[in-house]
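Here is a short tour of a protein model for someone new to reading structures. Have a look at it first, and then follow the points below.

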Amino acid sequence: FTQKQKVSRHTSLHGSQVMAVQRSVPFHTLNIEAIIAKGQLSTVYRGRWHEQTVAIKVLTGYANAQAKTDFLREVSITQQLNSPHVVQLYGACTDGNHLALISEYMACGTLADYLKTHAPLTVGQQRRLAIDLAQGLHYLHEQGMCHRDVTDTNVLMNAQGQGKLTDFGLVKTKSNSIQTLGERYELSLIHISEPTRPRLIS
């Protein structure tokens, strides 16, 4: 990231405009409000940044060197994405002892959580969700990227019932390389012999 702010807008399938702002974010500018999810290596918060509700994924103190390397790689990949069908990255904090991703807030959580309170989905809702995710995957493929980890926990739902792809840590690229923050990672497309078993949406 550079300090220069880059702003662009796209119109989504559902008619709303999505703004992607990519920049370096000082940690002290973030106002953390509540925990959304907590894992072994990171915690996701709901917070405020420049008067906007955002999701803030913070690497915890328990993260090892490899986790930090993977985090910076995910930043490098995600900052290249700008589509209404993937969760938008607004910025990243890499200053001092803080590593954090600041991204679009999806009020209804993961698809897994959404289905607990909204199932069974109507045929129309299923069709809409399938189109949302297909367009997200199509966008990634146009960028020469393969997600490789599409599960019901890596799809986030907004208040309008739109699903968006997230978690790009396992992405592989056609170019086999990604320029990251001061380091070059060599990647290669791999054959996935045991893909994640498809799940029925009921």
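Arg-46 has Ala-55, in β5, as its bridge partner. This is a predicted model, in which local features need pLDDT of at least 70 and side-chain atom pairs count only at pLDDT 80 or more, while totals for chains, interfaces and linings use all residues. Residues are numbered from 1 along each chain as its sequence is written, and side-chain values use heavy atoms, leaving out hydrogens and water.

**Strands**
- Strand β4 (residues 42-49) pairs with strand β5 (residues 52-59) in the antiparallel sense, over eight bridges; strands are DSSP runs of E, at least two residues long, and helices are runs of H or I, at least four, numbered from the N terminus.
- Two strands pair if DSSP finds at least two bridges between them.
- Two residues sit between the strands in the hairpin of β4 and β5, where His-50 takes a positive phi near 50°.
- β5 is also joined to strand β7 (residues 100-104), antiparallel, by five bridges, and there Ala-55 has Ser-103 as its bridge partner.

**Nonpolar cores**
- The largest nonpolar core has 16 residues, and Leu-81, Leu-140, Leu-165 and Phe-168 have the most contacts inside it.
- Such a core is a set of buried Ala, Val, Leu, Ile, Met, Phe, Trp, Tyr and Cys residues joined through side-chain atoms within 4.5 Å, where buried means under 20% relative accessible area (1.4 Å probe, protein chains only).
- α2 (111-118), α3 (123-142) and β9 (155-157) each give two or more residues to this core, with α3 giving the largest share, four residues.
- Apart from it lies another core, of eleven residues, including Trp-49 and Ile-102.

Note on methods. Buried means under 20% relative accessible area, exposed over 50%, partly exposed in between (1.4 Å probe, protein chains only).
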